[in-house]
Structure formats: C-alpha cells, structure tokens
Amino acid sequence: MIIFVTLMRKIFLATLSGLFLAFSWPEIGMFPLIFFAFIPLLVLENQTKNGKQVFWHSFLAFFIFNAVTTYWIYHATLFGAIAAFLINATLMATAFYLFHRIKRGTNNRIGNIAFVVLWIAMEYFHLNWELSWPWLTLGNVFANYPSLVQWYEFTGFLGGSFWVLSLNLLGFQIIQAEKKQKAILFSLLILVLPMCVSNHLFLDFKNPINETTRVVIAQPNINPYTDKFNVGYEKQLDDFMDLVKPYLNQETKLLIGPETALLEGIWENKIEATYSISEFRKLQNEFPNLNIIVGASTYKIFENGEKKTKTAREIRNENIFYDAYNSAIFIPDSGKVKVYHKTKLVPGVEKMPFPKLLDKFAEFATSLGGISGSLGSENKTNLFLIGSKKIKPLICYESIYGDLKSDESDIIAVITNDGWWKNTAGYQQHFAYTRLRAIEKRRTIIRSANTGVSGVINPKGEVLEKTNWNEAICISTEVRKNETTTFYSLYGDFIGRLSTFFSAIFLIVAFVKGKLKK
C-alpha cells in the first residue's frame with residue numbers, strides 16, 4: 001500500500017509539472033505559471049534515487065507539456081504529431097535524467113548548475129540537429145509579453161530559458177531552505193531585475209531611422225484542405241490580383257504575398273517565361289515603383305557539368321537532375337527576378353532526416369508512387385534589395401529560429417501558410433514567436449500569412465497592425481527600417497554554446513567520480 005501511495009504521489013508531481021508548463025504557454029494559459037512549473041519535478045527528483053524512475057516520471061511531465069501545447073499538429077499529420085510529442089518528451093526527459101545523474105555523482109551545487117546548463121544545451125541541440133523542433137524552447141513563453149524581455153537583443157530567447165530555469169531552481173531551494181528569508185529575497189531580485197532592465201530598454205528604445213516604405217501585405221485566405229490544390233493556378237493568381245489591386249497606388253514600393261501563394265510549378269531556369277511572373281510584370285506596368293515578394297514551389301534543372309546537390313532528384317530514365325525548393329520569389333521593379341530558398345526545412349515534411357539511414361525508405365516510397373528526397377536549401381540569395389533597403393525573407397518555420405544571421409537586413413519579411421493548423425493555438429503561437437525575432441534583431445517585421453495572422457511588428461515586439469483568422473484582406477502601411485546591429489545578431493546563441501561546453505565538463509566530472517567511487 002505504501003509503495004502504491006508513493007508511486008501515485010510521484011505521478012501526481014510529474015503531472016502537475018506537465019500541466020504547469022503547458023498552461024503557461026502562449027495562447028494556452030498564463031505565463032507566470034512557468035516560474036514554478038519545474039518545482040514539482042525537482043521535488044520528485046530530490047526524493048528519488050532510482051534514475052530510471054526519474055526519467056520516466058519526467059517523460060510523463062514533458063509528454064503532457066508537448067501534447068497540450070502542440071496538439072494542433074494532428075490537423076496536418078497525426079503521425080507527425082505523435083512523433084513530435086515522443087521525440088521532444090524524450091529529449092527533455094534525457095536532459096532531466098542527466099541532471100539527476102550529475103547531481104547524485106557530484107554534489108548539490110554542481111547538480112543545480114547542471115540542471116540549468118543541461119536543459120539549455122538540450123534546447124541548443126534541438127535548434128541544430130536533423131529533427132529540429134524548437135517550438136517549446138522555454139524562452140518562447142514570453143512571446144505575448146515583449147515588454148518583459150527586451151534584453152533578448154543581447155541574449156536571444158535562450159536567455160529567457162536561463163531566466164525560467166534559474167527561478168524554478170530558486171523556488172525549489174526556498175522550499176528546501178531552513179532559513180528562507182535570504183532565498184526569498186534573492187529570488188525576488190532575480191525575478192524583478194530583468195523586468196526592470198527590460199522596462200528601461202522598452203521605454204528608451206527609439207528607431208534611429210525615419211525613412212519609411214509603403215507596403216501592402218496580402219492575406220488571400222485560401223483553405224489548404226479544400227481549395228488550395230483543387231483550383232487552377234491561373235484562377236488563384238487572378239483572385240490574388242483582384243484582392244491586392246485596390247490597396248496599391250503609385251507610392252507602393254512592396255507587395256508581399258504568403259508562402260506557396262503561386263501554385264504554378266516554376267522552373268528557375270526559365271523563370272521570366274512563366275505565366276505567374278508575366279502577370280506580375282503586367283501589374284508592375286500599372287505600378288512602376290512596385291517590388292513583389294511572393295511564395296512559390298520552384299524547381300531548378302542542373303545543367304551539364306554543373307555540380308549536383310545532395311538533394312538532387314532525377315527525372316525518371318532521362319538522366320536529367322533537378323532540385324525542388326520552398327521559395328520566396330522577388331520580382332524587383334527593374335532587373336532580374338531573384339529567388340530565396342527556405343533553409344530551415346520541416347523534418348519529415350520537407351526533408352528526410354538522417355538520410356544515410358532513411359534513404360532506403362525513401363526509395364521504397366518512390367517505388368510505390370511517392371516522391372523521394374528532401375527539398376533543396378542552398379542559396380545564392382539571402383537578401384532582397386529595394387533601393388537602399390535590404391529585406392531578409394523568412395519562410396514559415398524559419399521564423400521560430402533566432403540565430404539566422406539576418407543582422408545585415410533593414411526589414412524582415414515573413415511569409416507563411418498557417419492554414420494547415422486550422423483555427424487553433426498553433427497559428428497564434430507562430431505569430432507570437434515572431435515578436436521575439438523583432439526584439440532579437442531590432443527589426444520591423446512584416447508578415448504575410450495565407451490566413452491569420454498577417455501583420456506588422458515593430459523592433460520592440462509591439463504589434464502595430466494585424467489581421468484576423470479566416471479573412472481575405474490586405475494591409476497597406478508605412479514600414480520603418482532600422483540599421484542597428486544587436487549583440488545577439490553578432491554572437492547568436494552563445495548561451496547555448498556555453499551551456500553545451502559546461503554540460504560536457506559536468507558529465508565528464510560525474511563519470512570520473514563514479515569510476516573513482518567504484
């Protein structure tokens with residue numbers, strides 16, 4: 001009976017942590033819950049000597065966290081949703097388990113530091129490996145409250161993770177401490193000081209550049225399940241033109257349309273000859289100052305002697321190779337069309353992870369009529385130029401990454417299709433995360449979504465204009481550029497790199513001490 005009660009208590013603590021984490025998340029609950037969400041798990045770990053139990057109880061907590069916050073993935077793919085829940089929960093539980101082992105193998109002080117750095121090292125790893133899915137990086141939790149985290153311009157969102165983990169650790173120590181007064185005062189300092197710094201940065205920030213650009217942001221609102229791929233590309237392009245024309249005038253410098261707005265299969269080798277580009281050139285005849293950014297699926301044939309990429313595909317039995325891309329097409333008011341290829345590809349959807357292991361599976365899929373291989377991601381173009389203004393394009397999933405080296409840009413343009421997730425927290429979270437990118441880079445961000453949410457975000461992360469879900473509409477607005485280079489733009493995810501370094505040291509120390517004890 002005692003064993004059963006103890007087990008149920010541990011399950012309760014794990015479940016409590018999972019629910020606190022989940023219901024602190026943007027569009028799900030209230031962010032203050034994040035500051036003590038790990039405390040039940042830390043209590044559980046402190047009372048458990050069995051490492052396997054620590055792993056499985058923490059896995060339960062993190063599975064709940066993932067399932068509640070990203071449940072909406074199942075609208076696009078049930079298998080992908082289950083895989084995401086399991087893989088993410090496993091990574092998080094592994095970090096927690098390693099913290100437990102280091103703490104038991106060394107001492108509480110080293111263990112407490114290991115708790116913070118191991119988790120951030122895990123998040124940094126999750127930003128960069130084949131199955132990258134950083135949606136639940138802890139620093140994202142403040143996405144709807146940018147006034148609290150203006151210091152992300154120095155630390156990036158991993159700084160937010162450090163803040164969250166430190167406060168949870170301090171909260172746990174308050175519970176354990178005999179003399180609680182000092183611990184409480186120190187916790188309040190760590191809680192309040194970053195907020196005060198953020199408030200100062202928020203009030204003090206001024207955009208140093210007054211130059212503006214007239215922009216039209218289009219939201220066509222085409223249902224990807226019922227209409228997007230069942231209507232001819234000419235008809236969809238005509239509808240797009242009918243939507244945007246009333247918002248254009250001779251002062252409009254930029255028109256931006258969402259990811260895969262063009263359904264025509266566009267071959268980059270003959271891009272000017274395609275129907276869609278020709279129609280946009282006609283639009284530019286009416287509005288000579290107009291530059292256009294629009295999403296499309298593009299393809300490029302490799303010429304004879306040209307080096308093929310790892311993602312090159314062969315047209316069956318013709319010895320002709322090509323690459324397929326998720327692209328942003330830039331049609332300038334004068335000069336040649338340029339194409340940017342999405343670099344951060346969605347695992348399992350846009351790229352085959354671990355190709356050496358899974359290429360045989362891809363070949364099997366091809367034999368059944370499927371498409372083998374990943375999308376290409378190599379680029380010759382990373383910025384679009386409109387006069388003296390440099391526009392950095394980001395396509396969908398790329399906007400949840402902070403360290404994308406867009407510091408040379410003046411404005412960031414995000415194009416996406418969030419309709420796959422239907423009217424859920426998914427598209428709202430995706431928009432909210434973009435506010436953190438604006439702070440990290442101190443750039444204005446213009447965002448065109450196929451349906452909700454399109455909008456404009458200033459360098460402080462404030463939403464200046466936004467659309468609603470399920471409406472076909474355009475925003476016509478003036479956008480300011482900014483040339484300030486932030487510390488984070490220069491040094492990227494340095495907190496992740498430092499945490500990885502210290503995690504490796506702690507693991508080595510714990511391993512050596514374990515061997516010496518034996």
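Predicted model: local features only at pLDDT ≥ 70, side-chain atom pairs only at ≥ 80, totals over all residues.

A residue is called buried when its relative accessible area is under 20%, exposed when that area is over 50%, and partly exposed in between.

**Asn-140 and its surroundings**
- Asn-140, which sits in the loop between α5 (108–128) and α6 (152–155), has a relative accessibility of 0% and therefore counts as buried.
- A polar atom of the Asn-140 side chain lies 3.3 Å from the backbone oxygen of Pro-134.
- Leaving aside residues up to four places away in sequence, Asn-140 touches Trp-25, Pro-26, Pro-134, Trp-135, Phe-157, Tyr-433, Leu-436 and Arg-437.

**Helix α9**
- Helix α9 (residues 233–244) has twelve residues, which at 1.5 Å a residue should span 16 Å, and this agrees with the 17 Å between its end C-alpha atoms.
- Within α9, the buried residues are Gln-236, Leu-237, Phe-240, Met-241, Leu-243 and Val-244; seen down the helix axis, these buried residues fall within an arc of 160°, so they line one face of α9.

**Cavities**
- Two cavities of 30 Å³ or more are found when the whole structure is searched, and the largest cavity holds about 70 Å³ of space.
- The lining of the largest cavity is made up of Asn-66, Asn-88, Met-92, Met-122, Glu-123, His-126, Trp-133, Pro-134, Leu-136 and Thr-137, with α4 (78–105) and α5 being the elements that give two or more residues to it.
- Helix α5 provides the largest share of that lining, namely three residues.

**Backbone details**
- Most residues other than glycine have a negative phi, and most peptide bonds are trans.
- The peptide bond from Gly-452 to Val-453 is cis, with omega near 5°, and Val-453 is found in the loop between β11 (444–449) and β12 (455–457).
- Lys-422, in the loop between β10 (411–416) and α12 (425–441), has a positive phi near 55°, and its relative accessible area of 39% makes Lys-422 partly exposed.
- Arg-442, in the loop between α12 and β11, is not a glycine but has a positive phi of about 50°; with a relative accessible area of 1%, Arg-442 is buried.

Methods. Residues numbered from 1 in each chain as written. Heavy atoms only, no water. Helix = DSSP H or I, 4+ residues; strand = E, 2+ residues; numbered from the N terminus. Buried < 20%, exposed > 50% of the residue type's maximum accessible area, 1.4 Å probe, protein only. Polar contact = N/O pair within 3.5 Å; in protein donor to acceptor, adjacent residues only side chain to side chain. Contact = heavy atoms within 4.5 Å. Expected span 1.5 Å × (residues − 1). Arc of directions from axis to C-beta. 1 Å grid on protein atoms, 1.4 Å probe; cavity = no way out; pocket = protein on both sides within 12 Å on 5 of 7 lines; lining within 4 Å. Points joined across faces, edges and corners; volume = space filled by probe spheres on them.
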